[in-house]
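Student: I want to go through the charged side chains here. Can we take them pair by pair?

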Amino acid sequence: FHVGDLLGCNLDEISRWNRKEEGAHDWQAFVNCTLQSEGIADPSRQEILDREQLARRKITTLLDVDIRNDLPLGNAQARYATVLSAYCADSATADPEIWQAYMRRIIGLVRPGGTLLIAALAQTQSYFVGGKPFPSPGLEAADMEDMLRDHFPQSELTIRMVPVPECAAHGYSSIILAAGHRRWADGCKEMDRTCAARGSRCPLL
């Protein structure tokens, strides 16, 4: 797994957790929830520890990522079989056009034949962390569909609006979950256009 973030301090915290440093953030409540969603009704402590250790083994690279830039990975031209972006583009701007630009850059990280997984806040202009408001573009499920269908076949798209009323105090009460699979031929055509615009050779050829 390659894990990316805009803020170095967030990557540092992940690195501390990966090294099992004293005082590192405790993610076990989230691991417990993950295991429950996989069908384990009451995960044991050992099951939680085993899953944490598996995640540590899988995380091989921490990346500086900035979707405000045309090349969000800098000079790297990596493309991935699976890209997961949870509450990133939608949590960085209130402007729908800027959100679209950010999303295009995230989608550009998916290699031909790959899969994109997205989670986004829905129907809100702002959310709150520690009482401080942050922007969001007020997305509807239709906005996500319009964005993704330009890059993924309709038959390979799944988009759901999910109510989360328990989060209303944080400024939102629904989220959008989306998945898209990029056919190999469609992805290659788009990558060819991107590489041609940059004057570079497609890295998959």
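Tutor: Start with Asp 66, which is buried at a relative accessible area of 16%. Buried means under 20% relative accessible area, exposed over 50%, and partly exposed in between, with a 1.4 Å probe and protein chains only.

Student: Which side chain does Asp 66 meet in a salt bridge?

Tutor: Arg 68, at 2.9 Å from N to O. A salt bridge here is a side-chain nitrogen of Lys or Arg within 4 Å of a carboxyl oxygen of Asp or Glu. Arg 68 is exposed, with a relative accessible area of 51%.

Student: Which residues are joined into one network?

Tutor: Glu 13, Arg 16, Arg 19 and Glu 21, through salt bridges that share partners. Within that, the Glu 21 and Arg 19 side chains pair at 2.5 Å, N to O. Glu 21 is partly exposed, at 32% relative accessibility.

Student: What about Glu 38?

Tutor: Its side chain forms a salt bridge with Arg 51, 3.0 Å from N to O. Glu 38 sits in the loop between α2 (28-37) and α3 (45-58) and Arg 51 in helix α3, so the pair ties together parts 13 residues apart in sequence. Helices are DSSP runs (H or I, at least four residues), numbered from the N terminus.

Student: Buried or exposed, or in between, for Arg 51?

Tutor: Arg 51 is partly exposed, with a relative accessible area of 28%. Glu 38 is also partly exposed, at 47%.

Student: How many salt bridges by this rule?

Tutor: Seven. This is a predicted model, where local features need pLDDT of at least 70 and side-chain atom pairs count only at pLDDT 80 or more, while totals for chains, interfaces and linings use all residues. Residues are numbered from 1 along each chain as its sequence is written, and side-chain values use heavy atoms, leaving out hydrogens and water.

Conventions:
Helices (H or I, at least four residues) and strands (E, at least two) are DSSP runs, numbered from the N terminus.
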